[in-house]
Amino acid sequence: MKTFLDAWLLEAPMGLSQELAGTVKLVPVDAVAETKDSFSMRVELQGGFAGSFWVVADAAALTRLFVAARVTPDEQDRARDVGLWQGILQQVAERAAKSATRNSGSATSVAGVREAARPAGMSQAVYELRYGETSVRVSFSDETRPATEKRPMENTIPASLPARGVELLLDVELEASLRFGSKEMPLGEVLELGPGDVVSLERHVSDPVDLIVGDKIVARGEVVLVNGNFGLRITEVAEPRKSLESIRCLF
């Protein structure tokens, strides 16, 4: 994972869907001028990705979104909407920080989320947040930087292996598995499970599933049927370094 924005775009649809109790999509669109009345939020990060991540959205459009999601009445209240949007972004930021930690191997945490004007001249990625018939233009500016500290020697592997070393591993058989999602349950609920019960996972049906080798995510994709069997169509592949770490953890 090269930037925190990558982690944000990966986790935001699920996080927003959970917070708004409905399916949310983020679709890239052409840049658009900011309105005078907008919510500019600054997400402060520390650790693996340190710095500021900015989220700017039109205030009136967000009010319509909250009304459509039935979390507020049909009226605009800036103080209320700022607090609500701040809380939602806090949850999404924490999900993205966990994803960045898993993929980079260096812990990233959220130091805080607050309303603050985004400095002029920042590059931005513009997306349309779609919730049913309601849409909101949202722009992201990623001013975070990956940590430069070296990881402890026991957790590192060479950036590259000699050609002969790689050849020796090519015939090694590894066990791969798919992870559709997870859920934490009290022991009492686990013991009460029976035939016909449904366990809801923390992943939306439209989200990609993880391909796991050892304890590392090496790819993500969508489930397909191949000659009557389940298969995985790869849509995202981890960096080669992460794949080598997956192999290393098995020896």
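Reply: The lining of the largest cavity is made up of Trp-8, Ala-12, Leu-16, Leu-26, Val-55, Trp-85, Leu-89, Val-92, Leu-129, Val-138 and Phe-140. A cavity is a set of points, on a 1 Å grid over the protein atoms alone, where a 1.4 Å probe fits but cannot get out, and lining residues have an atom within 4 Å of a point. The model is a predicted one, in which local features need pLDDT of at least 70 and side-chain atom pairs count only at pLDDT 80 or more, while totals for chains, interfaces and linings use all residues. Residues are numbered from 1 along each chain as its sequence is written, and side-chain values use heavy atoms, with hydrogens and water left out.

The largest cavity holds about 60 Å³ of space, where a volume is the space filled by probe spheres set on the grid points, which are joined across faces, edges and corners. The count comes to one cavity of 30 Å³ or more. By class, its lining has eleven nonpolar, no polar and no charged residues; Ala, Val, Leu, Ile, Met, Phe, Trp, Tyr, Cys and Pro count as nonpolar, Asp, Glu, Lys and Arg as charged, and the others, Gly among them, as polar. At least two lining residues each come from H1, H3 and strand E6 (134-142). Helices (H or I, at least four residues) and strands (E, at least two) are DSSP runs, numbered from the N terminus.

Trp-8, one of the lining residues, also forms an aromatic pair with Phe-4 that is tilted, at 6.3 Å centre to centre and 55° between the planes. Rings of Phe, Tyr and Trp (its six-membered ring) pair if their centres lie within 6.5 Å; planes under 30 degrees apart count as stacked, over 60 as edge-to-face and the rest as tilted. Because Phe-4 and Trp-8 are four residues apart in helix H1, about one helical turn separates them.

Trp-85, another lining residue, belongs to the part of H3 that meets H2: Ala-59, Leu-62, Thr-63 and Phe-66 in H2 are in contact (heavy atoms within 4.5 Å) with Arg-78, Asp-81, Leu-84, Trp-85 and Ile-88 in H3. These residues divide into six nonpolar, one polar and two charged. The axes of helix H2 (residues 59-68) and helix H3 (residues 78-104) come within 11 Å and cross at roughly 75°. Axes here are lines fitted to C-alpha atoms, for helices over the stretch in contact, and angles run from 0 to 180 degrees between N-to-C directions. H2 and H3 are therefore roughly perpendicular to each other, a term for angles of 65 to 115 degrees, whereas those under 35 count as roughly parallel, over 145 as roughly antiparallel and the rest as oblique.

Technical notes: 1 Å grid on protein atoms, 1.4 Å probe; cavity = no way out; pocket = protein on both sides within 12 Å on 5 of 7 lines; lining within 4 Å.
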